[in-house]
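Visitor: I have a structure here that I'd like to go through. Can you take my questions as they come?

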Amino acid sequence: MSAEKNCQFELEEYIKQGEPGKIEKSEAWQTAIGLQAVDGLKISAYLLDTAKEHIEGKISIDEA
């Protein structure tokens, strides 16, 4: 499984959980990651960890 597909799968888990705030944040991160992929950029583990921390409310968007 490619890094992008794995990342999308991990972020979709938040959508399946059904918490409204997490759904919106997850969709926004998926869009941002998709735009990076369009530019040919690879997704780092750091980016994925940062996205998860933001979605879970551990850090703010400004910190992300």
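Visitor: What pattern does the protein follow, read along the sequence?
Guide: The pattern is α-α-α. This is a predicted model, with three helices and zero strands.

Visitor: What is the mean pLDDT?
Guide: The mean pLDDT of the protein is 83, and 88% of the residues reach 70 or more.

Visitor: Which elements have the lowest and the highest mean pLDDT?
Guide: Helix α1, residues 3-17, has the lowest, at 70. Helix α3, residues 45-55, has the highest, at 91.

Visitor: Which residues are in the largest nonpolar core?
Guide: There are ten: C7, L11, Y14, W29, I33, I43, L47, L48, A51 and I55. Each of α1, α2 and α3 supplies at least two of the core residues. The largest share is from α3, with four residues.

Visitor: Why would such side chains sit together?
Guide: In soluble globular proteins, nonpolar side chains tend to be buried together.

Visitor: How much of the protein is buried?
Guide: Of the 64 residues, 27% are buried. The protein exposes about 4300 Å², and carbon and sulfur atoms supply 53% of that area.

Visitor: On to α2. How many residues does it have, and what does it span?
Guide: Helix α2 has 19 residues. From first C-alpha to last it reaches 27 Å, close to the 27 Å expected at 1.5 Å a residue.

Visitor: Which residues of α2 are buried?
Guide: K22, S26, W29, Q30 and I33 are the buried residues of α2. Seen down the helix axis, the buried residues of α2 fall within an arc of 105°, so they line one face of the helix.

Visitor: And what is on the face turned away from the buried side of α2?
Guide: That face carries the exposed residues P20, E24, L35 and V38.

Visitor: Back to K22, then. Why does a lysine count as buried?
Guide: The relative accessibility of K22 is 18%, and the cut-off for buried is under 20%, so K22 counts as buried.

Visitor: What does K22 touch?
Guide: Leaving out residues up to four places away in sequence, K22 touches Y14, Q17, I55 and E56. Of these, Y14 and I55 belong to the largest nonpolar core.

Visitor: What follows α2?
Guide: G40 follows α2, and its phi is positive, near 80°.

Visitor: Last topic, contacts. What share comes from residues 24 or more positions apart?
Guide: Such pairs account for 49% of the contacts with a separation of 6 or more.

Notes
Residues are numbered from 1 along each chain as its sequence is written. Side-chain values use heavy atoms; hydrogens and water are left out. pLDDT is the predictor's confidence in each residue, from 0 to 100. A nonpolar core is a set of buried Ala, Val, Leu, Ile, Met, Phe, Trp, Tyr and Cys residues joined through side-chain atoms within 4.5 Å. Buried means under 20% relative accessible area, exposed over 50%, partly exposed in between (1.4 Å probe, protein chains only). Contact means heavy atoms within 4.5 Å. Accessible areas come from the Shrake-Rupley method with a 1.4 Å probe; for residues, only the protein chains shown count as cover. The expected span of a helix is 1.5 Å times one less than its number of residues. The arc is that of the directions from the helix axis to the C-beta atoms.
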